[in-house]
Amino acid sequence: LDLKPSGSVFSGRDDRPGVPASLTAVWSNAVLQRADGTHARGFGGRLMFYGSKKQTPIRVDGTLVVYAFDEKDRNPDDPRPDRKYVFTRQQFAGHYSKSDLGHSYSIWIPWDEANGSLKEVSLMARFVSVEGESVVGEQVKLTLPGKSEEKAIAEGPIHSPTWENPQRLPAVEQASHDAPLGPASRRMATSTIPVPPRVSSR
């Protein structure tokens, strides 16, 4: 799945932001090489938003939040996420691209180091428009390939597909606020996603 931004040209009525009635997110696990040469596991996502007619994707203007759930030993009756990734209005606009599929937004959700154990993580995206309208995508369970927990520390890095063109992807800084989720000692880490330089038009 190629999630590289393909460049964008804003022109015409179809390029004006609209209020979405639904969103579709396509996720793929991948490994991102950082600037220092280390590798991080995570998920690349392409999000498309649809109006009430649901014919073609539309541009949007607002804030995106991605909720992440670690499925290991998770209580199915507990709806609280383990992590929350926030894209502000300005940041999310920087992830826009227009391809043959139409208007879309490509994002990267980091999880852990690339030599980790096998993980099952569920992701759910929620978008809030500047008008205050909210749409929520389907919660999807994904797998990060890896070793058993016993072998993860002793052995070397795993082999996994590398995210294409990582220079266009932002680093992720954990926010200073880490809110406790309750007496079970689960905590939710909130991260903000800095925006990479805008991709020039082709």
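Me: How many of the 202 residues of the protein count as buried, as a percentage?
Reply: In this predicted model, 44% of the 202 residues count as buried, a word kept for residues under 20% relative accessible area.

Me: Why is Ala93 called partly exposed?
Reply: Ala93 has a relative accessible area of 36%, and since buried means under 20% and exposed means over 50%, the value for Ala93 lies in between, so Ala93 is called partly exposed.

Me: Where is the place of Ala93, and what separates the C-alpha atoms of Ala93 and Arg59?
Reply: Ala93 belongs to helix 1, which covers residues 89-93, and although Ala93 and Arg59 are 34 residues apart along the chain, their C-alpha atoms are separated by 9.3 Å.

Me: What makes up the pattern of the protein, read along the sequence?
Reply: The protein has two helices and 12 strands, and read along the sequence they follow the pattern β-β-β-β-β-α-β-β-β-β-β-α-β-β. Of the contacts with a separation of 6 or more, 68% are between residues 24 or more positions apart.

Me: How do you know what confidence the predictor has in the residues of the protein?
Reply: The predictor gives each residue a pLDDT from 0 to 100, and on that scale the mean for the protein is 75, while 66% of the residues reach 70 or more.

Me: Where is the pLDDT under 50?
Reply: The pLDDT stays under 50 over residues 1-11, for which the model has 35 contacts beyond four places in sequence. Over residues 157-202 the pLDDT is likewise below 50, and this stretch has 106 contacts in the model beyond near neighbours in sequence.

Note on methods:
Residues numbered from 1 in each chain as written. Predicted model: local features only at pLDDT ≥ 70, side-chain atom pairs only at ≥ 80, totals over all residues. Heavy atoms only, no water. Helix = DSSP H or I, 4+ residues; strand = E, 2+ residues; numbered from the N terminus. Buried < 20%, exposed > 50% of the residue type's maximum accessible area, 1.4 Å probe, protein only. Contact = heavy atoms within 4.5 Å.
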